[in-house]
Amino acid sequence: MVEHRDLYRYAKARRDNEFIDYDSKDIAAKLKQAKEFEAKYGANDTSRGWIKWCTDINYRKREWQWRQNIAKWHANKNKI
């Protein structure tokens, strides 16, 4: 369960447009899921991307920045 101070931290980060990394347990669970998929079905672009995302904090940060810029572009284009 998320504690009150964590909710404040996330709200502040969202307001300040600041990257906060995901919980290490969630990342480890996703990495395990991707590796199990590769063991069962073989590697593909999606599974390799998830493994890269799980093992590289800079990759996660760049992916987050990309999503933020897509949202800004969409908001500007549609005058939201």
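Contact means heavy atoms within 4.5 Å. The legends below describe a predicted model in which local features need pLDDT of at least 70 and side-chain atom pairs count only at pLDDT 80 or more, while totals for chains, interfaces and linings use all residues. Residues are numbered from 1 along each chain as its sequence is written, and side-chain values use heavy atoms, with hydrogens and water left out.

**View 1. Overall architecture of the protein chain.** The protein chain contains four helices and zero strands, where helices (H or I, at least four residues) and strands (E, at least two) are DSSP runs numbered from the N terminus. Its pattern along the sequence reads α-α-α-α. Of the 80 residues in the protein chain, 18% are buried; buried means under 20% relative accessible area, exposed over 50%, and partly exposed in between (1.4 Å probe, protein chains only). The accessible surface comes to about 6,900 Å², and carbon and sulfur atoms hold 54% of that surface. Such areas come from the Shrake-Rupley method with a 1.4 Å probe, and for residues only the protein chains shown count as cover. Among contacts with a separation of 6 or more, 40% join residues 24 or more positions apart.

**View 2. Packing of helices α3 and α4.** Helix α3 (residues 45-55) packs against helix α4 (residues 57-77) at an angle of about 105 degrees, and their axes lie 5 Å apart. The two helices are therefore roughly perpendicular, a label for angles of 65 to 115 degrees, whereas under 35 counts as roughly parallel, over 145 as roughly antiparallel and the rest as oblique. Axes are lines fitted to C-alpha atoms, for helices over the stretch in contact, and angles run from 0 to 180 degrees between N-to-C directions. On the α3 side, G49, K52, W53, C54 and T55 meet I57, Y59, R60 and E63 of α4.

**View 3. Surroundings of R60.** R60 belongs to helix α4 and counts as buried because its relative accessibility is 6%. Leaving aside residues up to four places away in sequence, R60 touches F19, D21, I27, W53, C54 and T55. R60 also lies over the face of W53, at 5.6 Å from the ring centre. A charge sits over a ring if NZ of Lys or CZ of Arg is within 6 Å of the ring centre and within 35 degrees of the ring normal.

**View 4. The aromatic cluster.** Y22, W50 and W53 form one aromatic cluster. K30 is placed over the face of W50, at 4.3 Å from the ring centre.

View 5. G42 touches F37 and S47, not counting residues up to four places away in sequence. E36, in helix α2 (residues 24-41), is partly exposed at 47%. The C-alpha atoms of E36 and S47 are separated by 9.8 Å, with the two residues 11 apart along the chain.

Terms used
Phe/Tyr/Trp six-rings, centres within 6.5 Å; stacked < 30°, edge-to-face > 60°.
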